[in-house]
Structures are given as structure tokens and as C-alpha cells.
Amino acid sequence: MKAAFPALETYLPLIELARQEDLGADSDDVTSRLSIDEKIVGIGSLIQKQPGVICGLPMIQAICEAYDAKLKIQTPAGTDIATIEGRYSNSATTPILDIVGPLRSLLSAERVILNFLQHLSGVATLAHQFVKTIEGTSAQIIDTRKTMPGFRALDKYAVLTGGAMNHRTGLYDMVLLKDNHLAAYPIRELPQALAQIVRQSRAEAANRPIEVEVDTLEQLKQVLQVDGIDYVLLDNMDCPTMTQAVALRDAASQNGKPLLEASGGVNLKTVRAIAETGVERISVGSITHSAPALDIGLDVRVLA
């Protein structure tokens, strides 16, 4: 089942910001205004130029409308945006869709269209690559909060489109006790402190997820004494240590919980070995903060 695209109205201000950045206070594309007659109609063909996952097409019509209501999308026969969105192509050249309308407006909107589409497709493609790399294991790839301001929901949608999973959306929807939160507690007092935090959180919101970060197996042993913790984040542990962590959890658990999440030092070269340790989740910040843009071009021609 495909992920639902975030509400477009939420991103109209972001589109408008991008438009103003390009056109300035006077909304002027000086090059197109001086070189293109306003009556000329053009067609711009979006072309995917490398293998990857297409993501972000619902943004295009909103961008077109922000520039010129006469700009219209045309999809290839037998397709629509919903069928193209999320499509993986292994080809070096794959047509996506066309945009038809005043050529001057089309040229003005080109870079903003490509900026959104290339970025979101890049995130979806990198997520897809991580998911394929650990295929056959029981682990899931999940994202982080390492997103550009204003792009959180879009980036997380792209992660889902690429086949990976979302971690928490923000600080408000999950308890995640990291090392800096736990620094105030001596390790021997950690179980009691965590038990109190679990009770308080459950009293506020019974289904709110609770996760605790650990750096060592000794910390993990303390955390495993506490009921009600959903996830334990294994921070920057090597694979042999994570394998021991899985064994400790299995020996202490009656129901397979808490699930274990690997974090730190994860890339496409290391992720398979991490997944094979038996952890259930692998969080990867690079999916959103370092995904290379997918190579997509807009080839323009004049309609007769």
C-alpha cells in the first residue's frame, strides 16, 4: 500500500518561498521575459536519467499553479500521477510526464519543479537501496529527524515511498531517552528512574512509544530490568557487541521486547552485516540528510 502524500496545502507556503527566492520581489524572470514571447506555448518533458524511485509528483501541479494556472500536466497514455509516483525504473532514461503551457512560465518554474522532484526522488531511491541491501533479514530500515527545516513530512513520505519506515515524527510523539537525558542518573539507579518515566508516560498516553539509548552491554542489562520499554537503541556498537545484545534481550524477554535498534556508522557497505546480528530496526540518518539528488531533467520544445 502506497504512502499518503502530505496535505498539499501545508506546503503551499514552501512553494511560494521557493518561487520568491527565484523571481524576487517583482516576480521577474528577466531572461525568459526578454527572450520568450508571452504567446509561445511549450511542452516540457520530465525525464528520469538514472535508475531510481520517482517521488514528489503531487507537488508539480501545485508548483505549476503557483507560477501560472495555464501550466498543465499530461501523463503518458494509460497512466496517471498515482501510478507513476513511487515507480522504480532501472533504465538510464525513463519518461515521467509532460508539462504543457506558456513557455515563459514553464521556464520560470523549471528549477523549482526539479529541486523538489530531484530531492524527494533521491531520498526515496536511497531508502530503496538500503531496503534492498538487507532483503531476506528480519530488520527494518527506519529514518531519523535529520531533515531540512520545513521538509520533515515530505522527507518522511519519500522514505516510505522508497520502502523504508518512519521513526518518530518529532519530539512530541515518542519518548526517546538518549545519553544526555540519562547522564543525571548513576547506572545503578537507572532501572528505578526508567520505571518511573515509563509510569508517567503511560499515564499520559498509554500507547506512546518509549525508547532508551544505550552505549554498553552493562547499560542494556539495566534497561532490560524495566517493563514497558518498547525499543532500545544500540548506539555505535560493533556487530559482535550487537549480536551479544540480541542474545541478552532474548534471554531476558518473554515476548521478544524490547525491540533492538542499531544506530551509528550505518551505510550501504555496513548495513547488511548489521541486519544479520538480529536487531529488528536500523536507523539511518543519511537517507534524509545526505541523499544525492536523482538525476531528472526537463527537456523543453515549442509546440507548433
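Mentor: Buried means a relative accessible area under 20%, exposed means over 50%, and partly exposed is in between (1.4 Å probe, protein chains only). The model is predicted, so local features need pLDDT of at least 70 and side-chain atom pairs count only at pLDDT 80 or more, while totals for chains, interfaces and linings use all residues. Residues are numbered from 1 along each chain as its sequence is written, and side-chain values use heavy atoms, with hydrogens and water left out.

Trainee: Why is Ser 27 called partly exposed?

Mentor: Its relative accessible area is 38%. That value lies between 20% and 50%, so the term is partly exposed. Ser 27 is in the loop between helix H1 (8-23) and helix H2 (30-35); helices here are DSSP runs of H or I with at least four residues, strands are runs of E with at least two, and both are numbered from the N terminus.

Trainee: What makes the phi of Ser 27 worth a remark?

Mentor: Phi is near 50° there, a positive value in a residue other than glycine. Most residues other than glycine have a negative phi, and most peptide bonds are trans. Asn 236 also has a positive phi, near 55°, and sits in the loop between strand E9 (231-235) and H10.

Trainee: How do you know whether Asn 236 is buried or exposed?

Mentor: The relative accessibility of Asn 236 is 55%. The cut-off for exposed is over 50%, so Asn 236 counts as exposed.

Trainee: What makes the peptide bond from Lys 257 to Pro 258 cis?

Mentor: Its omega is near 0°. Pro 258 belongs to the loop between helix H10 (239-252) and strand E10 (259-263).

Trainee: Why is Gln 222 called buried?

Mentor: Its relative accessible area is 11%, which is under 20%, so Gln 222 is buried. Gln 222 is part of helix H9 (residues 217-223). Leaving aside residues up to four places away in sequence, Gln 222 touches Ile 187, Arg 188, Leu 190 and Pro 191, where contact means heavy atoms within 4.5 Å.

Trainee: How do you know how H3 and H5 are oriented to each other?

Mentor: Two packed helices are described by the angle between their axes and the distance between the axes. Axes are lines fitted to C-alpha atoms, for helices over the stretch in contact, and angles run from 0 to 180 degrees between N-to-C directions. For H3 (residues 57-67) and H5 (residues 103-133), the axes come within 10 Å and cross at roughly 155°. Angles under 35 degrees count as roughly parallel, over 145 as roughly antiparallel, 65 to 115 as roughly perpendicular and the rest as oblique. H3 and H5 are therefore roughly antiparallel.

Trainee: Which residues make that contact, and how do they divide by class?

Mentor: H3 gives Leu 57, Met 59, Ile 60, Ile 63, Cys 64 and Tyr 67, and H5 gives Ser 108, Ala 109, Val 112, Ile 113, Phe 116 and Leu 117. By class there are 11 nonpolar, 1 polar and no charged residues; Ala, Val, Leu, Ile, Met, Phe, Trp, Tyr, Cys and Pro count as nonpolar, Asp, Glu, Lys and Arg as charged, and the others, Gly among them, as polar.

Trainee: What makes H1 oblique to H3?

Mentor: H1 and H3 pack at about 55°, with their axes 10 Å apart. That angle makes H1 oblique to H3. The contact includes Arg 19 and Asp 22 of H1 and Pro 58 and Met 59 of H3, and by class it has 12 nonpolar, no polar and 2 charged residues.

Trainee: Are Cys 55 and Cys 64 buried or exposed?

Mentor: Cys 55 has a relative accessible area of 0% and is buried. Cys 64 is also buried, at 0%.
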